Amino acid sequence: MEFEFTGEIIHWHGPAPHHFVALPEDDSDVLAQLPDLSYGWGCIPVRARIGTTDFDTSLMPKDGRYLLPIKVAVRRAEDLDVGDDVSVLLWVREPGR
């Protein structure tokens, strides 16, 4: 399953601060209808591409949408910061792979 979207990089100031891009509501709704994709806590393993950088991570559910964590290595490689709009290509992986 593949998704392509554009979103703004946000910074979550939680106990473990991190940067994310929220998936569009429609894409989040599609994923929420497929609970077998999750390996637990609603997290879904994915492979993503921003610019020319590919990376593996897991989508995290938050307030009815899924968030894509943007790793430091990706932000550095693509010269990205909070507030930047990024185009994302996303492939859902099978849990455990």
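Biologist: Welcome! What should I know about the model before we start?
Modeller: It is a predicted model, in which local features need pLDDT of at least 70 and side-chain atom pairs count only at pLDDT 80 or more, while totals for chains, interfaces and linings use all residues. Residues are numbered from 1 along each chain as its sequence is written, and side-chain values use heavy atoms, with hydrogens and water left out.

Biologist: How do you know how many helices and strands the protein has?
Modeller: Helices are DSSP runs of H or I with at least four residues, and strands are runs of E with at least two, numbered from the N terminus. The protein has two helices and six strands, in the order β-β-α-β-β-β-α-β from the N terminus.

Biologist: Why are strand 3 and strand 4 called paired?
Modeller: Pairing asks for at least two bridges found by DSSP between two strands. Strand 3 (residues 44-50) and strand 4 (residues 53-62) run antiparallel and are joined by seven bridges, so they pair under that definition. Ala-48 stands opposite Phe-55 there, and in the two-residue link of this hairpin Gly-51 takes a positive phi near 65°.

Biologist: What makes strand 4 and strand 5 a pair?
Modeller: Three bridges connect strand 4 to strand 5 (residues 65-69), in the antiparallel sense; at least two are needed, so this counts as a pair too.

Biologist: Why does Tyr-66 count as buried?
Modeller: Buried means under 20% relative accessible area, exposed means over 50%, and partly exposed lies in between, with a 1.4 Å probe and protein chains only. Tyr-66 has 9% relative accessibility, so it counts as buried. Tyr-66 sits in strand 5.

Biologist: Which residues does Tyr-66 touch, beyond those up to four places away in sequence?
Modeller: A contact means heavy atoms within 4.5 Å. Among the residues Tyr-66 touches are Val-21, Leu-31, Ile-44 and Leu-59.

Biologist: How do you know whether the radius of gyration agrees with a compact globule?
Modeller: The radius is taken over C-alpha atoms, and the globule rule is 2.2 Å times the number of residues to the power 0.38. For 97 residues a compact globule would have a value near 13 Å, and the protein has 13 Å, so the two agree. Buried residues make up 39% of those 97.
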